[in-house]
Amino acid sequence: MKTTEIDGTTRVCGLIGSPVEHTLSPLIHNMLARRLSHNLVYVPFLTRGGPEEVRRAVEGAYALNILGLNVTVPHKQTVTACLTRTDALAEKIGAVNTLVRAEGGYQGYNTDMSGLYRAMESDGIRLRDREVLVLGAGGAARAVAFMCVYYGAAKVWMLNRTLKKAELAAEEINASFGRRCIEPMALSDYRSLPGEGYLAVQATSAGLYPDVLGAPVTEPDFYRLVDTGVDLIYRPFETRFMRLVRQAGGRAVNGLKMLLYQGIDAYELWNGVKVLEDTAQEIYLRMKEELEKNE
Ligand code: NAP
């Protein structure tokens with residue numbers, strides 16, 4: 001939408017977090033609004049500070065009739081205290097990235113994970129009955145591990161540089177599902193994995209721009225165990241992890257489609273619509289162009 005088209009009925013959605021300057025979310029949502037002929041604009045709202053600041057931002061947004069918000073670092077956990085209801089998957093994960101306006105307040109969802117699931121489906125990567133290696137034990141890895149169990153993976157190993165963190169995360173997730181579905185392991189112990197042909201989801205920050213030569217593991221032996229690698233990172237577009245998967249004969253994808261589909265899932269929740277795959281593909285190409293400009 002051109003700013004000249006904004007009128008008295010324009011709806012507003014946005015992103016709260018810090019930093020927000022380099023986000024691709026406005027591109028996703030404003031392009032969706034144009035393609036679907038919705039009178040809607042999406043803007044970043046730099047939101048610094050602690051839980052009290054986040055509460056004021058959410059209450060202020062509600063008072064201003066804002067239709068929906070995305071939430072990014074560092075507020076994905078703290079924002080849960082400001083909601084009237086939290087969706088079951090988001091509740092389990094303990095992080096919310098999408099607020100949907102409802103009677104009396106916002107309801108919270110985690111479209112990062114439904115978006116990752118949808119991105120993998122669109123690439124023909126299935127989770128059901130698969131054996132999955134989740135690399136990392138931070139916020140993203142924890143959410144990915146939850147998502148894998150939720151969507152029917154047969155078994156999930158959580159491999160982290162610091163074993164203790166993987167143990168704590170696994171304990172929490174296993175308790176939440178009431179069964180032992182996550183097996184913690186030190187990254188350096190990958191040789192004791194029982195099989196091969198794993199789906200590996202790279203959810204550490206190793207390899208994230210500007211650390212372009214980084215990867216959580218660099219030994220080719222590890223990559224021989226992996227037939228498909230999904231890196232949550234999309235800057236750079238091809239990470240070292242992805243190159244190592246490919247060099248060992250596997251298939252690798254980056255996190256850009258995850259970013260796209262978390263946006264599409266949020267947009268669908270806000271507007272009660274279903275976005276067509278052709279539109280998703282068109283936006284994906286624009287996002288890729290935008291990234292290439294900055295590489
Ligand atoms: P985080 O909470 O800070 O966790 C970082 C994780 O990376 C920890 O498990 C840490 O291991 C591990 N790590 C860091 N450097 C490492 C190294 N050199 N070797 C091995 N492991 C290393 O971060 P997060 O929020 O979970 O985010 C993780 C990644 O996911 C980031 O790159 C982020 O950009 C990406 N992400 C992408 C999307 C998307 O839409 N595509 C969405 C969310 C997150 P220790 O515990 O041993 O320190």
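Residues count as buried under 20% relative accessible area, as exposed over 50%, and as partly exposed in between, for a 1.4 Å probe and protein chains only. The model is predicted, so local features need pLDDT of at least 70 and side-chain atom pairs count only at pLDDT 80 or more, whereas totals for chains, interfaces and linings use all residues. Residues are numbered from 1 along each chain as its sequence is written, and side-chain values use heavy atoms, with hydrogens and water left out. Helices (H or I, at least four residues) and strands (E, at least two) are DSSP runs, numbered from the N terminus.

Two non-glycine residues with positive phi were examined. Ser37 has phi near 55°, a positive value in a residue other than glycine. Ser37 lies in the loop between helix H1 (25–35) and S2. With a relative accessible area of 65%, Ser37 is exposed. Asp129 is not a glycine either, yet its phi is positive at about 65°. The loop between helix H4 (111–122) and S7 holds Asp129. Asp129 counts as exposed at 57% relative accessibility.

Sheet pairing was considered next. Strands of a sheet pair through backbone hydrogen bonds, either parallel or antiparallel. Two strands are taken to pair if DSSP finds at least two bridges between them. Six strands form an open sheet with mixed pairing, in the order S2-S1-S3-S5-S6-S4. Its edge strands are S2 (40–46) and S4 (85–86), each of which pairs on one side only. Seven bridges link S2 to strand S1 (residues 11–17), in the parallel sense. Leu15 has Pro44 in S2 as its bridge partner.

Strand S8 (residues 155–160) is mostly covered, with five of its six residues buried. S8 pairs with strand S7 (residues 131–135) in the parallel sense, over five bridges. Met158 in S8 stands opposite Val134. From S7 the chain crosses through helix H5 (residues 139–150) to S8, in a right-handed β-α-β crossover. A crossover is right-handed if, with the strands pointing away from the viewer, the path from the first strand over the helix to the second runs clockwise. S8 also runs parallel to strand S9 (residues 182–186), joined by five bridges. Here Met158 has Pro184 in S9 as its bridge partner. The chain passes from S8 through helix H6 (residues 163–177) to S9, and this β-α-β crossover is right-handed.

Helix packing was examined for H9 and H10. The axes of helix H9 (residues 256–271) and helix H10 (residues 277–294) come within 10 Å and cross at roughly 130°. H9 is therefore oblique to H10. Axes are lines fitted to C-alpha atoms, for helices over the stretch in contact, and angles run from 0 to 180 degrees between N-to-C directions. Angles under 35 degrees count as roughly parallel, over 145 as roughly antiparallel, 65 to 115 as roughly perpendicular and the rest as oblique.

Two cis peptide bonds involve proline. One runs from Tyr209 to Pro210, with omega near 10°. Pro210 is found in the loop between strand S10 (198–202) and helix H7 (220–223). Another joins Arg235 and Pro236, with omega about 5°. Pro236 is placed in the loop between strand S11 (226–231) and helix H8 (240–247).

The structure holds zero disulfides, a disulfide being a pair of cysteine sulfur atoms within 2.5 Å. The sulfur of Cys82 is 18 Å from the closest cysteine sulfur, in Cys13, and therefore too far for a bond. Cys82 is buried at 15% relative accessibility. For Cys181, the closest cysteine sulfur is in Cys148, 10 Å away and too far for a bond. Cys181 is buried, at 6% relative accessible area.
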